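Student: Could you walk me through this fold with a few questions and answers?
Tutor: Gladly, let's take a look together.

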Amino acid sequence: MKKRLNITVLLLAAVLGTSVTACSGSAKTAETTAAETGAAVSGKPAAEILSEIYDSVSLPGVMEMPAQYIMNYYGIDTGAYPDSFFAMSEDATSAEMIVFVRAASEAEAAVVGEQLQMIRDTKAEEMQNYLPEQYQLVSGSDVVINGNTAYLVISEQAAAIRSVIESGI
């Protein structure tokens, strides 16, 4: 009986030791993978960048939209890009929009950039015959890809907003 108890204790200790070793090994692998793929976030968090934009530029009526909004209307799954934001004018007659997405890689950022270009083109088509001055605003905008970040700024204050974004990347 005593021998059986000792064997059980040794087996439990071995299982516990193996599980602790396995857990620490997988954490090391995750750290290594993040470092190798460049998935680690560099620069300021998206929320901080958006806050700096609101602090430095007057954007009346422009508000951050829920993550689900950009998924529902434009097909960009911000759940896959947690370090992102989407802000737009509450006024349907204004084309003001800021979309910022930090992806895990440059390749993903390029894909997001293509999606942002489609958003820009769609917005231009909406405004072309409806509001010519807003169409000009959209036409003057560009999708920017900088490393693993893609963004679109449609605003009369675009230069100042891009400056804040670039300083935060």
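**Order of elements and sheet**

Tutor: From the N terminus, the elements of the chain follow the order α-α-β-α-β-β-α-α-β-β-α; helices (H or I, at least four residues) and strands (E, at least two) are DSSP runs, numbered from the N terminus. This is a predicted model, where local features need pLDDT of at least 70, side-chain atom pairs count only at pLDDT 80 or more, and totals for chains, interfaces and linings use all residues. Residues are numbered from 1 along each chain as its sequence is written, and side-chain values use heavy atoms, with hydrogens and water left out.

Student: In what order do the five strands form the sheet?
Tutor: The sheet is open and its pairing is antiparallel; two strands pair if DSSP finds at least two bridges between them. Strand 1 (62-64) and strand 4 (143-146) each have a single partner strand, so they stand at the edges. The order is 1-2-3-5-4.

Student: Which residue in strand 5 stands opposite V99?
Tutor: Strand 3 (residues 97-102) and strand 5 (residues 149-154) run antiparallel, joined by six bridges. The residue opposite V99 is L152.

Student: What angle does the direction of helix 6 make with that of strand 5?
Tutor: Helix 6 (residues 158-168) packs on the sheet and touches strand 3, strand 4 and strand 5, a contact being heavy atoms within 4.5 Å. Axes are lines fitted to C-alpha atoms, for helices over the stretch in contact, and angles run from 0 to 180 degrees between N-to-C directions. The angle is about 165 degrees.
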